[in-house]
Amino acid sequence: MVENMDGQAMRRLLPRLADRQPGLFLDIWELQPRAEGPAHQAQPHWCLCGKCLDMPIAEEELCCAGGQDNCLSDEPEMNALVLDLGVLALRTIHEIFGM
């Protein structure tokens, strides 16, 4: 049945599935192929804390400027609300499917 659906019908169905089975989208996310990143990246010129990664667009080139011992990425809240893979997966699903 799903194979015969057009794109518009799938876009209507996906938010309903997400409401009923949110874990399904995490399963789909985990099955997606991952690009291998470089083993080590040099610190970007705009980084002041020493923990930033190079970003694809200039608007994302932000640093907390807290220094190595006071970096925001080390805060428990940052890990739980921003850097957690599950949170990132849900955010991506939200962006893709507009939920």
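This note goes through the model point by point.

1. Basis. The model is predicted; local features need pLDDT of at least 70, side-chain atom pairs count only at pLDDT 80 or more, and totals for chains, interfaces and linings use all residues. Residues are numbered from 1 along each chain as its sequence is written, and side-chain values use heavy atoms, with hydrogens and water left out.

2. Confidence. The average pLDDT (the predictor's confidence in each residue, from 0 to 100) is 79 for the protein, and 88% of the residues score at least 70. Helix α1 (residues 7-20) has the highest confidence, a mean of 80, while α2 has the lowest, at 73. Where pLDDT is low, the predicted coordinates should not be read in detail.

3. Helix α1. Helices are DSSP runs (H or I, at least four residues), numbered from the N terminus. The 14 residues of α1 should span 20 Å at 1.5 Å a residue, and the end C-alpha atoms are 20 Å apart, which agrees. The expected span is 1.5 Å times one less than the number of residues. Buried residues (under 20% relative accessible area; exposed is over 50%, partly exposed in between, with a 1.4 Å probe and protein chains only) in α1 are Ala9, Leu14 and Ala18.

4. Nonpolar core. Such a core is a set of buried Ala, Val, Leu, Ile, Met, Phe, Trp, Tyr and Cys residues joined through side-chain atoms within 4.5 Å. The largest one consists of 5 residues, namely Trp46, Cys47, Cys49, Cys52 and Cys71. Cys71 has a relative accessible area of 5%. Beyond its neighbours within four places in sequence, Cys52 is in contact (heavy atoms within 4.5 Å) with Pro44, Trp46, Cys47, Leu62 and Cys63.

5. Cysteines. How many disulfides (pairs of cysteine sulfur atoms within 2.5 Å) are there? The count is 0. For Cys63, the closest cysteine sulfur is that of Cys52, at 3.7 Å, which is too far for a bond. Cys63 is partly exposed, at 23% relative accessibility. The sulfur of Cys71 has its closest cysteine sulfur in Cys49, at 3.6 Å, also too far for a bond.

6. Salt bridge. The structure has 1 salt bridge, defined as a side-chain nitrogen of Lys or Arg within 4 Å of a carboxyl oxygen of Asp or Glu. Lys51 and Asp74 form this pair, with their closest N and O atoms 2.4 Å apart. Both residues lie in the loop between α2 (22-31) and α3 (76-83), 23 residues apart, so the pair links distant parts of the chain. Lys51 is partly exposed, at 38% relative accessibility, and Asp74 is partly exposed too, at 45%.

Terms used
Helices (H or I, at least four residues) and strands (E, at least two) are DSSP runs, numbered from the N terminus. A disulfide is a pair of cysteine sulfur atoms within 2.5 Å.
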